[in-house]
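Here are some notes for a colleague who is opening this entry for the first time. Please read them beside the sequence and the structure.

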Amino acid sequence: MDISPSDAIAIRETIERQLAAFQKDDSAGAFALASPEIQIQFRNPENFIQMVRLGYPAVYRPRSVFFEKIKTIHGKITQLVLLLGPDGIPVRALYIMDKQRDALWKINGCVLIPVEAEID
């Protein structure tokens with residue numbers, strides 16, 4: 001799938017806004033940027049931010065963030081982001097993105113993998 005330059009910017013802005021919401025413990029703001037499927041899964045902003053806080057510390061409180069390429073992985077538009085976690089360990093986040101009917105991009109999942117892992 002080809003992504004237009006404006007879609008690439010919108011994807012990055014969506015992720016940046018969610019990361020900024022996590023930094024402020026703005027659970028409602030972070031939850032609003034998740035896809036409807038993620039919102040159904042976690043039911044409310046408090047459950048969502050608790051899951052991120054416990055399971056994704058590098059996403060919840062990154063020391064640094066570096067945006068890499070957007071790739072199509074298993075048919076899904078995926079933004080690769082290099083994160084330096086609060087523990088000083090780098091990880092790569094694969095943000096699975098979903099374009100909504102209103103043309104806004106939402107985050108439909110995030111998978112953390114080791115930096116050295118191969119990505120096809």
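**Notes on the predicted model**

1. The model is predicted. S27 lies in helix α2, which covers residues 27-32. S27 has a relative accessible area of 14%, and because the cut-off for buried is under 20%, S27 counts as buried. Leaving aside residues up to four places away in sequence, S27 touches P45, E46 and I49.

2. Strands β2 (residues 76-84) and β3 (residues 90-99) run antiparallel and are joined by seven bridges. Within this pairing, Q79 has Y95 of β3 as its bridge partner. The two strands form a hairpin with five residues between them, and G88 in the turn has a positive phi of about 85°.

3. β3 also pairs with strand β4 (residues 105-114), in the antiparallel sense, over eight bridges. D98 has K106 of β4 as its bridge partner. Here too there is a hairpin with five residues between the strands; in this turn A103 has a positive phi of about 75°.

4. The largest nonpolar core has 27 residues, and those with the most contacts inside it include F22, V59, L83 and Y95. Elements giving two or more residues to this core include α1 (5-23), α4 (45-55), β2, β3 and β4. The largest share, five residues, comes from α1.

5. What does V59 touch, not counting residues up to four places away in sequence? The residues are L19, F22, V52, L83, Y95, C110 and L112.

6. There is also a second, separate core of five residues, among them I73, L80, I113 and I119.

How values were computed: Residues numbered from 1 in each chain as written. Predicted model: local features only at pLDDT ≥ 70, side-chain atom pairs only at ≥ 80, totals over all residues. Heavy atoms only, no water. Helix = DSSP H or I, 4+ residues; strand = E, 2+ residues; numbered from the N terminus. Buried < 20%, exposed > 50% of the residue type's maximum accessible area, 1.4 Å probe, protein only. Contact = heavy atoms within 4.5 Å. Pairing = 2+ DSSP bridges. Core = buried A, V, L, I, M, F, W, Y, C linked by side-chain atoms within 4.5 Å.
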